[in-house]
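Open the model in your viewer and keep the sequence panel beside it. This tour tells you what to select at each stop.

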Amino acid sequence: MKVLLVAEKDSTKESLLLHLVPRGFDLIHYRNPIKAMDNIDEIAPDAVFFSAEDFPRHWKPFLKLLRVSFTKENTTFVLLKGDLFPFEEAAKAKHLDVTGIIRENLEDRKEYSRLEELLSRYTSLKEVRSVGRYIPGRSDQIEFVFTHPDNRSIITGSIFDLSPTGAAFEPDDPDKTKGLAVGTEIHRCSLRIEDEYFTLTSKIIRNDGRLAVQFLDIGEKTSTAISDFIERKAERELKSVLREETANT
């Protein structure tokens, strides 16, 4: 994947490289947003990281020009903000379908986590797969609960990878699930997606402390709900940022 960074500071570039290189991303850095705009078609980036702190007047026209040639499905656009990012700018970002907003200071644990979510999600989306994968973020309301088929204990935990055909699940107590063999079918699992609950059967396809399960009897309604949930990632992310900005004003 090609990532275009538009930022003045070398420190921003070096910080991003620490995250991009291990994932196989190629970083193209422009310090001048006008030159980046002139070459956008030739670069054809898969993702753009744009410093709103360095160039507060340029990100909106840059994004509008980007969208002339590249849809949001083909090229993601992430704003890098400083300590001061007005609520009005966050609202404009939502209106213009900005994919995500994170702080330039990636030494902050929260911002590091947000960047990892973005990179994981878009690495997954660019993979050649029969179905889409999705890495849930901290603003996502999603739960997976099931009853142990042998001792009937309730197994809770968190989904860290989701697709319409299965999920990867980290149990709260791995000791409770370590005896579950690959191939075990678990009936009447409960999958919560926001305010909706779905009941389905799952089969364990990996158990190494974390569980990978395949959904066996997933119906069209559940599959559609998962797909819709995945597609609305950017909307949820920006709403979360807007709530934070409101709380800080």
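Partly exposed means a relative accessible area between the limits for buried, under 20%, and exposed, over 50%. Select Glu170: its relative accessibility is 35%, so this residue counts as partly exposed. Keep in mind that you are looking at a predicted model.

**Stop 1: the Glu170 pair**

Arg210 and Glu170 form a salt bridge, with their closest N and O atoms 3.4 Å apart. Glu170 sits in strand 9, while Arg210 sits in the loop between strand 11 and strand 12, so the bridge ties together parts 40 residues apart in sequence. Arg210 has 36% relative accessibility and therefore counts as partly exposed.

**Stop 2: the whole protein**

Zoom out and colour by secondary structure. The protein has eight helices and twelve strands. Now colour by burial. Of its 249 residues, 46% count as buried. The protein exposes about 13,000 Å², and carbon and sulfur atoms supply 48% of that area. Take contacts between residues at least 6 apart in sequence: 60% of them join residues at least 24 apart.

**Stop 3: the largest core**

Which residues have the most contacts inside the largest nonpolar core? Select Phe144, Phe146, Ile159, Leu162, Leu191 and Phe215. The core has 24 residues. Several elements each supply at least two of its residues, including strand 6 (142–147), strand 8 (157–163), strand 10 (185–193) and helix 7 (220–231). Nonpolar side chains tend to be buried together in soluble globular proteins.

Now centre on Phe146. Leave aside its neighbours within four places in sequence. Phe146 is then in contact with Ser153, Ile154, Ile155, Phe169, Thr177, Leu180, Ile186, Cys189 and Leu211.

**Stop 4: helix 7**

Select helix 7. Its twelve residues reach 16 Å from first C-alpha to last, close to the 16 Å expected at 1.5 Å a residue. Which residues of helix 7 are buried? They are Thr222, Ala225, Ile226, Phe229 and Ile230. Why do they lie on the same side of helix 7? Because they cover an arc of only 135 degrees around the axis. An α-helix has 3.6 residues a turn, so residues three or four places apart point the same way. Turn to the other side of helix 7, where Glu220, Lys221 and Glu231 are exposed.

**Stop 5**

Select Asp10 and Arg31, which form one of them, with the closest N and O atoms 2.1 Å apart. Asp10 lies in helix 1 (residues 10–20) and Arg31 in the loop between strand 2 (26–30) and helix 2 (33–38), so this pair ties together parts 21 residues apart in sequence. Asp10 has 42% relative accessibility and counts as partly exposed. Arg31, at 46%, also counts as partly exposed.

Move to Arg206 and Asp208. They form a salt bridge, their closest N and O atoms being 3.5 Å apart. Are these residues partly exposed or exposed? Arg206 counts as partly exposed at 38% relative accessibility, whereas Asp208 counts as exposed at 54%.

Finish by selecting Lys9, Glu53 and Asp54. A network of salt bridges links these residues.

Methods: Residues numbered from 1 in each chain as written. Predicted model: local features only at pLDDT ≥ 70, side-chain atom pairs only at ≥ 80, totals over all residues. Heavy atoms only, no water. Core = buried A, V, L, I, M, F, W, Y, C linked by side-chain atoms within 4.5 Å. Buried < 20%, exposed > 50% of the residue type's maximum accessible area, 1.4 Å probe, protein only. Helix = DSSP H or I, 4+ residues; strand = E, 2+ residues; numbered from the N terminus. Contact = heavy atoms within 4.5 Å. Areas by Shrake-Rupley, 256 points an atom, 1.4 Å probe, with all protein chains shown as cover. Expected span 1.5 Å × (residues − 1). Arc of directions from axis to C-beta. Salt bridge = Lys/Arg side-chain N within 4 Å of Asp/Glu carboxyl O.
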